[in-house]
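This briefing covers salt bridges, a pocket and a surface patch. Please keep the structure open while reading.

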Amino acid sequence: MAVAGCPDYFLHHPNYQDNVERAANHRQADLIGPSFQQSTNRNSPSHQEDDVDLEALVNDMNSSFESLYTSVQTESTPLLLNGQPHRPASCHTHAQATSPHQRLQRSQPMHILAVRRLQEEEQQYRTSSLPAIPNPFPELCSPASSPTLSSGSLPQCQPSGKYIIKIFSEDGMGKIVEIPADMTARDLCQFLVYKNHCVDDNSWALVEHHPALGLERCLEDHELVVQVQTSMTSESKFLFRKNYAKYEFFKNPLTFFPEQMVAWCQEANGTIPPSQLLQNFLNSSSCPEIQGYLYVKEMGRKSWKKLYVFLRRSGLYFSTKGTSKEPRHLQLLADLDDSNVFTVITGRKLHNAPTDFEFCIKPNKVRNEVKELRMLCAEDEQSRTCWMTAFRLFKYGILLYQNYKIPQQRKTLISHFSAPVRSVSENSLVAMDFSGRIGRVIDNPVEAQSAAMEEGHAWRKRSQRMNILGSPSPLHPSSLSGVIHRTQLWFHGRISREESHKMIHQQGRVDGMFLLRDSQSNPKAFVLTLCHHQKIKHFQILPCEEDGQMFLSLDDGATKFTDLIQLVEFYTLNKGVLPCKLKHPCTTVAL
């Protein structure tokens with residue numbers, strides 16, 4: 001038998017090939033011989049009572065072939081050192097100690113299980129070691145929001161980490177906050193209420209404002225703020241303000257959905273109860289429909305057309321033939337799934353709108369392209385509110401009702417004494433009684449409330465006694481009763497009638513929404529601005545004198561008050577000469 005390291009002439013011997021083949025056959029017999037011999041011995045007469053162990057035989061053959069394949073791979077795989085084939089010293093020494101026929105073991109059969117295992121491990125290593133490749137064409141992939149291309153499936157990428165958001169208040173001042181990627185609009189509003197010590201009455205909202213387009217809308221409570229920010233431009237911004245009308249349609253649905261605009265009510269001759277009307281909108285299997293005339297701006301042009309429009313779950317349509325509902329006469333105006341409805345705040349200036357009640361359906365992919373916006377205009381404020389509210393219901397459905405019920409359920413857990421929820425700074429205070437020699441903390445809520453009322457009446461009586469003794473009148477700026485109202489959230493000083501309209505419109509136009517301001521025509525008088533049935537009315541508060549003392553009255557002296565705080569408290573509990581009670585103060589907050 002030839003050994004490694006023999007002279008070269010031995011390799012050219014005539015019988016060398018025969019010797020190599022013979023040695024290879026002996027080597028294979030040595031590998032499988034023990035197993036085969038063991039199985040033969042089991043078939044001998046001395047082992048006939050035992051069954052043949054085929055499983056052990058197959059395992060032995062598999063282990064032999066796997067060890068053979070491992071040794072072949074070790075010997076046959078070259079290593080690169082500085083770009084040249086290289087073998088370790090141990091492998092070189094082993095090669096010198098083996099015969100030439102052993103180097104041909106790589107031509108031996110390999111077991112299929114070992115090969116398959118190696119292929120799986122190699123594929124797994126290759127998959128895990130590949131880096132994430134940026135996707136240059138995300139719109140061509142499914143899902144469209146996937147930011148990377150990876151081997152295997154492409155899961156939808158969810159935002160993660162921290163993001164910087166800038167929030168603006170009504171006075172134009174901004175505040176930068178850092179929020180997580182999964183923070184909703186409701187969570188952000190609660191965070192701002194906590195940070196700014198506002199009264200948490202579940203009426204705060206986050207507004208998406210586009211000054212270049214003249215559009216704005218209130219974010220729904222379940223929307224992710226970071227996701228909304230990705231569709232905004234650098235000029236767009238978030239506003240933090242009140243919105244009392246966000247879920248008002250759940251309380252007074254008939255005010256928001258006139259019978260002549262709801263097709264289902266017309267078919268039932270207007271006998272549908274309010275609860276059933278809302279259930280019809282929230283039920284995804286039903287097919288409610290809003291119909292009526294709208295002014296529609298032609299795409300890419302300045303002209304407007306008056307069309308009969310239908311709003312359904314599938315989209316917004318207009319009829320090409322009068323008020324016909326036949327499918328062959330309907331054409332699609334806008335889709336609801338990938339769009340949002342906005343209020344147009346500068347419709348007359350930018351778009352030459354026929355009325356002041358303009359709204360817009362903006363696709364999510366549109367940023368600054370005015371030509372891609374679907375501009376619509378209603379006849380009055382009630383019609384515009386109906387269209388926009390129905391759009392929200394068709395788009396989000398039961399999610400809106402869940403958003404409405406969450407604060408309602410939390411409110412039931414709070415005592416009637418603490419509603420509306422006070423801020424953190426107010427909750428840190430306690431009621432004290434200093435009538436005795438030492439002060440004591442009032443633990444009883446009813447006693448604390450009566451003490452607060454007595455304290456309020458006490459300073460009014462002191463003010464009245466001072467006026468009788470010759471001190472300045474309540475209307476004089478130096479008097480406490482003449483300036484105490486300026487610290488209240490509902491008083492806005494010297495603002496114009498147009499500014500008061502704008503503030504009430506931005507915060508909801510619900511019944512009972514009010515503010516007080518200085519009169520521009522009479523320097524000694526004040527004006528109460530009140531919203532009722534989506535119409536804004538103004539009531540002048542005039543001074544009147546009785547027994548040498550000055551009072552304030554809203555009904556020509558029939559009901560007199562010493563200051564504006566007392567007047568607001570009275571009309572919050574009593575309607576009096578007003579069309580409704582004072583319910584929602586129009587307030588602003590400085591971030």
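Which side chain meets that of K242 in a salt bridge? The partner is D201, with an N to O distance of 2.5 Å. The model is a predicted one, and it holds 16 salt bridges.

- K242 is part of strand 9 (residues 237-242), while D201 sits in the loop between helix 5 (185-196) and strand 7 (204-210), so the bridge ties together parts that are 41 residues apart in sequence.
- K242 counts as buried because its relative accessible area is 4%, under the 20% cut-off.
- D201 is partly exposed, at a relative accessible area of 28%.

**Salt bridge E379–K306**
- E379 and K306 also pair through their side chains, at 3.4 Å from N to O.
- This pair links distant parts of the chain, 73 residues apart: E379 is in the loop between strand 16 (374-377) and helix 11, and K306 is in strand 11 (residues 304-312).
- E379 is partly exposed at 38% relative accessibility, and K306 is partly exposed with a relative accessible area of 46%.

**Other salt bridges**
- The side chains of E326 and R328 form a salt bridge with an N to O distance of 2.8 Å.
- E326 is partly exposed, with a relative accessible area of 37%, whereas R328 is exposed at 65%.
- A network of salt bridges links E170, E216 and R241.

**Second largest pocket**
- The volume of the second largest pocket is about 680 Å³.
- Its lining consists of 28 residues, and those nearest the centre of the pocket are D356, R384, K502, H505 and R509.
- At least two lining residues come from each of strand 14 (339-344), helix 10 (347-351), helix 11 (381-396), helix 16 (497-506) and strand 21 (535-546).
- Helix 16 supplies the largest share of this lining, with 7 residues.
- Sorted by class, the lining of the second largest pocket has 13 charged, 10 polar and 5 nonpolar residues.

**Nonpolar surface patch**
- M432, F434 and V441 make a nonpolar surface patch of about 300 Å².
- F434 is located in the loop between strand 17 (432-433) and strand 18 (440-441).
- F434 counts as exposed because its relative accessibility is 63%, over the 50% cut-off.

Methods:
Residues numbered from 1 in each chain as written. Predicted model: local features only at pLDDT ≥ 70, side-chain atom pairs only at ≥ 80, totals over all residues. Heavy atoms only, no water. Patch = residues over 30% accessible without salt bridge, like charges linked within 9 Å, V, L, I, M, F, W, Y side chains within 5 Å. Areas by Shrake-Rupley, 256 points an atom, 1.4 Å probe, with all protein chains shown as cover. Salt bridge = Lys/Arg side-chain N within 4 Å of Asp/Glu carboxyl O. Helix = DSSP H or I, 4+ residues; strand = E, 2+ residues; numbered from the N terminus. Buried < 20%, exposed > 50% of the residue type's maximum accessible area, 1.4 Å probe, protein only. 1 Å grid on protein atoms, 1.4 Å probe; cavity = no way out; pocket = protein on both sides within 12 Å on 5 of 7 lines; lining within 4 Å. Points joined across faces, edges and corners; volume = space filled by probe spheres on them. Nonpolar A, V, L, I, M, F, W, Y, C, P; charged D, E, K, R; others polar.
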